[in-house]
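User: I am new to this structure. Could you show me how to read its features, one at a time?

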Amino acid sequence: MTPKVIGLLGSPLPEGNTARLLARAVQGTKDAGCTVELVPVTSLDFQGCQEMFFCRDHETCILDDDMQQIYPKFVDMDGLILATPVMTMGIPGTLKAFMDRFQVFFMAKYLRNQSLISPDRKEKRAGLFICISGMDIPEVFVGAKLTTRAFFDIIDCQYRDELLINGMDTIRDIATRPELLDAAYKKGFALGKSLAQP
């Protein structure tokens with residue numbers, strides 16, 4: 001069965017540097033034998049978590065929005081490529097709000113001890129984190145990585161690899177750094193190969 005991967009774009013720019021890096025990683029994953037569905041977070045119609053706690057006792061959220069179609073995709077996926085810029089030393093607000101809506105997975109896993117992901121699939125699910133920062137300063141990726149690792153853990157997806165690129169204010173156009181686009185492709189390919197192995 002062909003592994004299913006989600007390419008999750010946290011940037012609001014569909015043709016920006018983050019999107020181009022994601023596109024290269026996605027191509028690598030496809031070339032390794034996986035199918036990939038792109039999910040641009042800013043194109044979704046959803047609210048942030050309202051802490052209604054309906055998900056304490058149910059496998060979904062009480063809010064009726066685009067997240068109702070997203071949850072099954074994240075249950076069925078085998079891998080995830082999350083690509084985002086750093087904003088205010090963390091991840092963009094819309095992506096953070098998207099992650100916060102995964103209380104559905106959190107409550108199932110940690111409160112009810114009934115993860116939405118079966119034990120045999122937990123071991124295989126894995127993800128790649130691609131993140132860019134305009135600034136080139138120490139610890140610029142710390143906040144984004146902590147949030148992403150927590151998200152991956154909540155959805156039972158191993159944090160397998162990362163591509164962190166700082167100094168984008170100087171680089172400006174990722175196309176001028178083909179080696180970085182190649183790195184994204186190679187990491188995507190490696191993720192795909194690991195998921196496609198029997």
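Analyst: We will go through helix, cores, rings, cysteines and loops in turn. Keep in mind that this is a predicted model.

User: Let us start with helix 1. How many residues does helix 1 have, and how far does it reach?

Analyst: Helix 1 has 15 residues. From its first C-alpha to its last it reaches 21 Å, close to the 21 Å expected at 1.5 Å a residue.

User: Which residues of helix 1 are buried?

Analyst: First the general idea. An α-helix has 3.6 residues a turn, so residues three or four places apart point the same way. Now the case here. The buried residues of helix 1 are N17, T18, A19, L21, L22, A25, V26, G28 and T29. Just after helix 1 comes G33, with a positive phi of about 110°.

User: What should I look for in a core? Which residues touch the most other members of the largest one?

Analyst: In soluble globular proteins, nonpolar side chains tend to be buried together. Here the largest nonpolar core has 39 residues, and L8, F74, F98 and F151 touch the most other members. Several elements give two or more residues to this core, among them strand 1, helix 2, strand 3 and helix 6.

User: What does F74 touch, beyond residues up to four places away in sequence?

Analyst: The list includes I6 and L8, then L80, F98 and F102. F105, F151 and I155 are also among the contacts of F74, and so is R125. There is a second, separate core as well: it has 25 residues, including C34, V36, L180 and A184.

User: Next, the rings. How many aromatic pairs are found in the whole structure?

Analyst: A pair of aromatic rings is described by the distance of the centres and the angle of the planes. The search finds 14 aromatic pairs. Take F46 and F98: the centres are 6.0 Å apart and the planes are at 75°, so this pair is edge-to-face. F46 sits in the loop between strand 2 and helix 2, F98 in helix 3, and 52 residues separate them. Both F46 and F98 are buried.

User: Why is the pair of F152 and Y159 called tilted?

Analyst: The planes of F152 and Y159 are at 50°, so the pair is tilted. A pair needs over 60 degrees for edge-to-face and under 30 for stacked. The ring centres of F152 and Y159 are 5.6 Å apart. F152 and Y159 are both buried. They also belong to one aromatic cluster, which includes F46, F74 and F98.

User: How many disulfides are there?

Analyst: The test is two cysteine sulfur atoms within 2.5 Å. The count comes to zero. For C34, the nearest cysteine sulfur is that of C157, 12 Å away. C34 counts as buried because its relative accessibility is 6%. C157 is buried too, with a relative accessible area of 4%.

User: Now the loops. Where is S11, and is it buried or exposed?

Analyst: S11 lies in the loop between strand 1 and helix 1. Its relative accessibility is 6%, so S11 counts as buried. The side chain of S11 reaches the backbone nitrogen of L13 at 3.0 Å. Leaving aside neighbours within four places in sequence, S11 is in contact with T18, T42, A83 and P85.

User: What is phi of N113 near, and where is N113 found?

Analyst: Phi of N113 is near 55°, a positive value in a residue other than glycine. N113 is in the loop between helix 4 and helix 5. N113 is exposed, with a relative accessible area of 66%. F53 also has a positive phi, near 65°. F53 is in the loop between strand 2 and helix 2, and at 36% relative accessibility F53 counts as partly exposed.

Technical notes. Residues numbered from 1 in each chain as written. Predicted model: local features only at pLDDT ≥ 70, side-chain atom pairs only at ≥ 80, totals over all residues. Heavy atoms only, no water. Helix = DSSP H or I, 4+ residues; strand = E, 2+ residues; numbered from the N terminus. Buried < 20%, exposed > 50% of the residue type's maximum accessible area, 1.4 Å probe, protein only. Polar contact = N/O pair within 3.5 Å; in protein donor to acceptor, adjacent residues only side chain to side chain. Contact = heavy atoms within 4.5 Å. Core = buried A, V, L, I, M, F, W, Y, C linked by side-chain atoms within 4.5 Å. Expected span 1.5 Å × (residues − 1). Phe/Tyr/Trp six-rings, centres within 6.5 Å; stacked < 30°, edge-to-face > 60°.
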